[in-house]
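Look over the sequence and the model below.

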Amino acid sequence: MFLDIPNFGEIKRAHQKIDKFIFKTPVLTSHSIDDIVGANVFLKCENFQKVGAFKMRGATNVIMSYLPEKRTNGFATHSSGNHAQAVALAAKLAGTKAYIVMPENASEVKKNAVIEYGAEVTYCESNEEAREAACQEMLEKTNAIFVPPFNDSRIIAGQATAAKELIEEQPNLDYIVTPVGGGGLAAGTALAAHYVSPTTQVILGEPVNVNDTYKSFKSGKLTPVGKKTSIADGLLVSVGELNFQIIKEHVTDVVTVKEEEIVSAMRLIWERMKIIIEPSSAVAIATIIKERDRLAGKNVGVIITGGNVDLTALPF
């Protein structure tokens, strides 16, 4: 594990390293969303990223950090979906194999995508302990290199490039809002804002059903939660230690939203902007709607984290 807080030089180097393997995603606006929130909202659309999610940034940064001769045994990870897809595709681009452990209840669209990218997939029970145990077994069997989902400075530096791009395109942001699960994007966003635009405040959105980051932030110490269920399937993990260290230092607030607020926000973006976002992304939209009094009249960046949705199981 790489557990030092990334400096700005490391974020810039990560951006240079991954540049030819990722898309520079668009920043979109909507008068309708602006009117609802009462703010100028700028959506950084990582749902248009390769694999349909920001996770491509961090996974690519880790995998491309290894020289070709070090990649021969491949890479392995555990993930409910988007990180799994990112490791599978980044490994393929690096000319090597990916071994992925996924919970058996992962979205079918995400399972299928991982397989299509050429990864070898193992399924396990849908809890963190089972995922980690199955991945450890896979690592011992294959001698592959582990690609952490979030609690790693290289992952954080890679994810930080999304906010870096957003700030470079919209330099006068008062706030940036992202969802938080394991905290790779949340920590990376907080660092990017701290280094590039220190007056920009970062707010994190989290499902009230999976509120470990909220509890940790309010208490000042890591507070894991028990069994978690939420429509926001990409956020069903506890925040990482390094990630929380950064969040505690550089994030302004953590806001929780209800399941019905997430579904409503997801539907709103589909209907008003005609773009597909997944429930985890909708957490950030639900957050800016809930916090509209605080955000009124401000310039607000939102990172739309992904668009991988099982169209046979829509919540509306």
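What volume does the second largest pocket have? In this predicted model, the volume of the second largest pocket is about 320 Å³.

## The second largest pocket

Its lining consists of 20 residues. Nearest the centre of this pocket lie Glu128, Glu132, Phe150, Asn151 and Gly240. Two helices, H6 and H9 (212–219), each supply at least two residues of the lining. H6 gives the largest share, three residues.

By class, the lining of the second largest pocket holds nine nonpolar residues, six polar and five charged.

## The largest pocket

The largest pocket has a volume of about 980 Å³. A set of 50 residues lines it. Ser80, Asp233, Gly234, Leu235 and Leu236 are the ones nearest its centre.

Four helices each supply at least two lining residues here: H4 (82–93), H6 (128–142), H8 (184–196) and H12 (279–290). The lining of the largest pocket divides into 20 nonpolar, 20 polar and 10 charged residues.

Valine 51 is not a glycine, yet its phi is positive, about 65°. This residue sits in the loop between strand S2 (40–45) and helix H3 (55–63). Is valine 51 buried or exposed? Its relative accessibility is 6%. The cut-off for buried is under 20%, so valine 51 counts as buried.

Lysine 274 also has a positive phi, near 60°, and is a residue other than glycine. Its place is the loop between helix H11 (259–273) and H12.

## Strand S9

Strand S9 covers residues 253–257. How many of its five residues are buried? Five of the five are, so the strand is largely enclosed by the rest of the structure.

In a regular strand, side chains alternate between the two faces of the sheet. In S9, Asp253, Val255 and Val257 point one way. Val254 and Thr256 point the other way. All of these residues are buried, on either side of the strand.

Which strand is joined to S9 by five bridges? It is S8 (residues 201–207), and the two run parallel. Within this pairing, leucine 204 stands opposite valine 254 in S9. Valine 254 is itself one of the buried residues of S9.

How values were computed: Residues numbered from 1 in each chain as written. Predicted model: local features only at pLDDT ≥ 70, side-chain atom pairs only at ≥ 80, totals over all residues. Heavy atoms only, no water. 1 Å grid on protein atoms, 1.4 Å probe; cavity = no way out; pocket = protein on both sides within 12 Å on 5 of 7 lines; lining within 4 Å. Points joined across faces, edges and corners; volume = space filled by probe spheres on them. Nonpolar A, V, L, I, M, F, W, Y, C, P; charged D, E, K, R; others polar. Buried < 20%, exposed > 50% of the residue type's maximum accessible area, 1.4 Å probe, protein only. Pairing = 2+ DSSP bridges.
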